[in-house]
Amino acid sequence: MGTLAEIVKREIQWYAAGGFDSDAFVLTNEDQQIYAVNSVVEAPKVEYPTDVIMMARIVGDYVVILDDRTDKPFENRLMAAGIPRDRIILAYAGEKLPDSQQN
C-alpha cells in the first residue's frame with residue numbers, strides 16, 4: 001500500500017493531466033507535507049491564468065483536503081487506495097481534525 005505520503009503523492013498525480021486549454025502541475029512541499037495541483041491557462045484567455053484545483057496536507061495519521069475543485073473527489077481516490085474515510089478530513093467542507101491532532 002505505501003505510506004500515507006506515498007499514497008497522497010501517487011493519487012494526486014492523476015489530477016495533473018490538464019485539459020482543454022490548460023496545463024496542470026503537481027506542487028509539493030515535502031517538509032510540510034503539502035501536495036497540490038495548479039492549473040495554468042494560456043493567457044490572456046482568462047483574467048487570472050493560474051488556480052489551485054486540489055490541495056491536501058498530511059497531519060499525523062490524517063489527510064486533510066484543503067481544497068478540491070474537481071468533479072472527481074480526491075477522497076474517493078484516497079479511499080480506493082486504502083485510506084479509511086475516518087482518516088480523511090474535508091477541511092473545505094468544514095470538517096475538523098480531532099483536537100489531539102490540531103497544530
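1. Let's start with one side chain: that of E11 makes a polar contact with the side chain of R10, at 3.1 Å. A polar contact here is a pair of N or O atoms within 3.5 Å; within protein, one must be able to donate a hydrogen and the other to accept it, and residues adjacent in sequence count only if both atoms are side-chain atoms. This is a predicted model, in which local features need pLDDT of at least 70 and side-chain atom pairs count only at pLDDT 80 or more, while totals for chains, interfaces and linings use all residues. Residues are numbered from 1 along each chain as its sequence is written, and side-chain values use heavy atoms, with hydrogens and water left out.

2. Where does E11 sit? E11 belongs to helix α1, residues 4-13. E11 counts as buried because its relative accessibility is 9%; buried means under 20% relative accessible area, exposed over 50%, and partly exposed in between, using a 1.4 Å probe and protein chains only. Setting aside neighbours within four places in sequence, E11 is in contact (heavy atoms within 4.5 Å) with F74, R77, L78 and A81.

3. Now step back to the whole protein chain. It has two helices and five strands, arranged along the sequence as α-β-β-β-β-α-β. Helices (H or I, at least four residues) and strands (E, at least two) are DSSP runs, numbered from the N terminus. Of the 103 residues, 32% count as buried.

4. The five strands form an open sheet with mixed pairing, in the order β1-β2-β3-β4-β5. Two strands pair if DSSP finds at least two bridges between them. β1 (22-29) and β5 (88-90) are at the edges with a single partner strand each, so one side of each has no neighbour in the sheet. From one strand to the next, the twist averages 20°; axes are lines fitted to C-alpha atoms, for helices over the stretch in contact, and angles run from 0 to 180 degrees between N-to-C directions.

5. Take a closer look at β1 and β2. Eight bridges join β1 to β2 (residues 34-41), and the two run antiparallel. One example is T28, whose bridge partner in β2 is Y35. Helix α1 lies across β1, β2, β3 (50-59) and β4 (62-68), running at about 10° to β2.

6. Finally, have a look at Q33, in the loop between β1 and β2. Phi of Q33 is near 50°, a positive value in a residue other than glycine. Is Q33 buried or partly exposed? Q33 counts as partly exposed because its relative accessibility is 28%.
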